[in-house]
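Subject: Structure handover

Hello,

Please find the structure below, followed by notes on what was found in it.

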Amino acid sequence: MKTICTSIIGFGAIGQGVAEVLLSKKEYLESLDLDVRVIAVVDSRGATIDPAGVDLAACLTRKRETGTVALEKISGLEVIKTLDHELVIETTPTNIETGGAGLLNMMAAFETGKDVVTSNKGPLTLKYRELQKAAKASGSKFRFEATVGGSMPVINLVNEVLAGNEVRSIKGILNGTCNYILSRMLEEKASYTDILAESMELGIAETDPSYDVEGIDTACKLVILANALFGLEATYKDVEVTGITKITPDALEMARENGYVIKLIGEVSRERLLVAPRLVPINHPLAVGGTLNVASVETELAGEITVTGKGAGPIETASAVLSDLISIYREC
Ligand SMILES: NC(=O)c1ccc[n+]([C@@H]2O[C@H](COP(=O)([O-])OP(=O)(O)OC[C@H]3O[C@@H](n4cnc5c(N)ncnc54)[C@H](OP(=O)(O)O)[C@@H]3O)[C@@H](O)[C@H]2O)c1
């Protein structure tokens, strides 16, 4: 049995989802000869640490009941730098201006020879090359399927399942909040503002939804795909971005009368990175509704491959984190 000592840095929706999945998949992991031992769980106020393995169920309860897992006042960065472990699961908030704590955490993980699995887009959007270089220099593994499309496989699909294919373009819906708003506007013939308010009440949209509805979140995901799958050196500035804030119920209705839906589509190819509302034929594979994500990969040998799935949610996103973890250690 191989023991993998890991930290979970960030214990919000996704960090807790990862803890739940590690608990529920313990036996399955053991069947793969993997004993995943979480030696530290960290939130913004501190950490629970136990080199023999923290009690994840107790961490989940404590977080729920007290709002924190902090038993010790120590930061994620200190945990990464000072505690002996091989994997950092990085699930702190996305910051696309500076990379936030996530960037420092990932760099520190690589500098100390640790592997990283993350759901945090910010650092990859800003410093993809630098992160890959740091990982390579220390021989660390770096996986980030959860940063694009939550549970929906895209990065590993292209890099592994479709290995050998030249990828010509990827087009898709990579933001569930925008897709929900557009789908509901059409169903209810309601205005953008009304449906946005409903989405906030349901917790589908953030209190500050601009990151989603202005297309910024989709643009960040395109940057990750461009760098990870097309070998480009793209940054956010390379993406032409238009959001959904100006779409009217009339426009959606007119599109429907002509057999189309309007969707916020992100498209990446070697030539162009584009986020914009576009007309999609009603029966086209990209015309998925609700909060679903979808990605259509145009390949050289396999033709077009389309995947769809839940782009967000704690357990769904943790599924991508789990599969990255398994891929790293099953390889060894
Ligand atoms: N939610 C989704 O469905 C989803 C899907 C795909 C990707 N993602 C990405 O996954 C990441 C986590 O998302 P989330 O929804 O779990 O966010 P969240 O609920 O806001 O949780 C973030 C966690 O990070 C902690 N944190 C903040 N600053 C920290 C620091 N400096 N050191 C250590 N911990 C720190 C927070 O602590 P406190 O608890 O003390 O505030 C919280 O536990 C984000 O980058 C997000 O973009 C999310």
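Two strands pair if DSSP finds at least two bridges between them. Helices (H or I, at least four residues) and strands (E, at least two) are DSSP runs, numbered from the N terminus. This is a predicted model: local features need pLDDT of at least 70, side-chain atom pairs count only at pLDDT 80 or more, and totals for chains, interfaces and linings use all residues. Residues are numbered from 1 along each chain as its sequence is written.

The sheet. Six strands form an open sheet in the order β3-β2-β1-β4-β5-β6, with mixed pairing. At its edges stand β3 (46–49) and β6 (142–143), each with a single partner strand, so one side of each has no neighbour in the sheet. Strand β5 (residues 115–118) runs parallel to β6 and is joined to β6 by two bridges. Val-117 has Arg-143 of β6 as its bridge partner.

The helix pair. The axes (lines fitted to C-alpha atoms, for helices over the stretch in contact; angles run from 0 to 180 degrees between N-to-C directions) of α5 (residues 100–111) and α6 (residues 121–138) come within 9 Å and cross at roughly 10°. The two helices are therefore roughly parallel (angles under 35 degrees) to each other. Residues in contact (C-beta atoms, placed from the backbone, within 7 Å) include Leu-103 and Phe-110 of α5 and Leu-126 and Leu-131 of α6.

The ligand. Gly-10, Gly-12, Ser-44, Ala-101 and Ala-312 come nearest of the 27 residues around the ligand, where near means a C-beta atom, placed from the backbone, within 6 Å. α1 gives the most to this shell, with three residues.

Regards

Definitions and conventions: Parallel < 35°, antiparallel > 145°, perpendicular 65-115°, else oblique. Contact = placed C-beta atoms within 7 Å.
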